[in-house]
Amino acid sequence: MTATLAPFPWTDVWGQEDAVDALRSAAADPSALSHAWLITGPPGSGRSTLAYAFAAALIADGPEDEQTMRQVLAGTHPDVTALRTDKVIITIKEARALVERSYFAPSAGRYRVIVVEDADRMVERTSNVLLKALEEPPEKTVWVLCAPSEADLLPTIRSRVRPLRLREPDVADVARLIVERTGASPEVAEQAARHSQRHIGMAQRLATDDAARRRRDSTLRSVLSVRGVGTAVEVAGEIIQAATDDAKALTAERDATERASLLRTVGIAEGQAVPPAVRAQISALEDDQKKRATRSLRDGIDRVLTDMQSMFRDVMMLQYGRGDDLINSELRTELTALASAWPVDRTLVVLDHLAETRESLERNVAPTLALESLLVTIASGRKP
């Protein structure tokens, strides 16, 4: 499948022709426009990219108004309000601010658009804050929520939005895109597309970051080496440390830039003492950064668990004689030996515990303990 580029502002939306057609029609025809949309699709499928392209088409005064559309895509237009979070959840305070904003009339464009990138990170109380705004929105306000699936939102939210499900691209499609975007070799791009399980953003990172590829391979081989409680504890510690280092690398530069920007805004030179009147702002920033670091660490651990799931999924595929579609074909020898040594029931126990571990981490269970328990199950075939 070769994706056909749609006209601006849809040019960065890749491989979602049906969704683009639906939203282009809605933006051009008020009778086809719903007041609230829910864009769902697997991670990396381009939910937020599509949401902002839709916002640009809604706000601009027709397809020729490219300047306005570029403003929207750059995040500088006053009629688009976006909520994206690096924290564990979206707070009630953030949701209330969105609702308040949704009742403002458009200041320059045809519509006011509210984009919630991580709608699945709203707990029930926060979701309830949005209900009234979704039930009775102003005539010129359009809500666009993004989430992995409809099941991630409350039924009361789902009943008030128009769903739009994105397709999942093939490995070959993602590999071609990565070659075009990064210049990576076809072999590296294909491996990255497989290992990311067609997550475009993660595939791009793997294709361009040798260290990330080595870290993934090393982690999976370490998991396969676990033979008992002692090695389970050791490997769990290694995974947590690697995820922590990765999270720090991703957030440290941004944290420093934000702090420097805040100090410049309040007129404090580098190295100058922070006066008491400003310390509250610094503390609030540091608190937000700590929450973002927590989310980044959890996301890193979740990526490891996703990789582990792919590996034991491969084991099960081999056990059922389906070795032609492995995600981790580089480990075929090791996984074939495991598939022969284990009964299918044991692989199922491991996959079930992997799913439970991901759920436990979302409930704030200590990551090290959760991983140790999981690795003991992998080594023994029984849950502790």
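Predicted model: local features only at pLDDT ≥ 70, side-chain atom pairs only at ≥ 80, totals over all residues.

**A guided look at selected residues**

Visitor: Is R194 buried or exposed?

Guide: The terms rest on relative accessible area, where buried means under 20%, exposed over 50% and partly exposed in between (1.4 Å probe, protein chains only). R194 has a relative accessible area of 11%, and therefore it is buried.

Visitor: Which residue does the side chain of R194 join in a polar contact?

Guide: Contact means heavy atoms within 4.5 Å, and, not counting residues up to four places away in sequence, R194 touches V171, L326, I327, N328, S329 and E330. A polar contact is a pair of N or O atoms within 3.5 Å; within protein, one must be able to donate a hydrogen and the other to accept it, and residues adjacent in sequence count only if both atoms are side-chain atoms. The side chain that R194 meets in this way, at 2.7 Å, belongs to E330.

Visitor: How many salt bridges are there?

Guide: A salt bridge is a side-chain nitrogen of Lys or Arg within 4 Å of a carboxyl oxygen of Asp or Glu. By this rule, the count of salt bridges comes to 18.

Visitor: How many residues apart in sequence are the parts that R121 and D299 tie together?

Guide: The side chains of R121 and D299 meet in a salt bridge, at 3.8 Å from N to O. R121 lies in the loop between β3 (112-116) and α5 (124-135), whereas D299 lies in helix α12 (residues 276-319), so the pair ties together parts whose separation in sequence is 178 residues.

Visitor: And which helices hold E334 and R221?

Guide: The side chains of E334 and R221 meet in a salt bridge of 2.9 Å, N to O. The pair ties together parts that are 113 residues apart in sequence, because E334 and R221 lie, respectively, in helix α13 (residues 332-341) and helix α10 (residues 210-224).

Visitor: How is α12 oriented relative to α15?

Guide: Axes are lines fitted to C-alpha atoms, for helices over the stretch in contact, and angles run from 0 to 180 degrees between N-to-C directions. α12 and helix α15 (residues 367-380) pack with their axes 12 Å apart and at an angle of about 10 degrees. Angles under 35 degrees count as roughly parallel, over 145 as roughly antiparallel, 65 to 115 as roughly perpendicular and the rest as oblique, so α12 and α15 are roughly parallel.

Visitor: Which residues of α15 make the contact?

Guide: On the α12 side, the contact is made by I301, L305, M308 and F312. Their partners on α15 are P367, L371, L374, L375 and I378.

Visitor: Last, is L33 buried or exposed?

Guide: L33 lies in the loop between α1 (17-28) and β1 (36-40). Leaving aside neighbours within four places in sequence, L33 is in contact with A26, F54, L58, Y111 and V142. With a relative accessible area of 17%, L33 is buried.

Methods. Residues numbered from 1 in each chain as written. Heavy atoms only, no water. Helix = DSSP H or I, 4+ residues; strand = E, 2+ residues; numbered from the N terminus.
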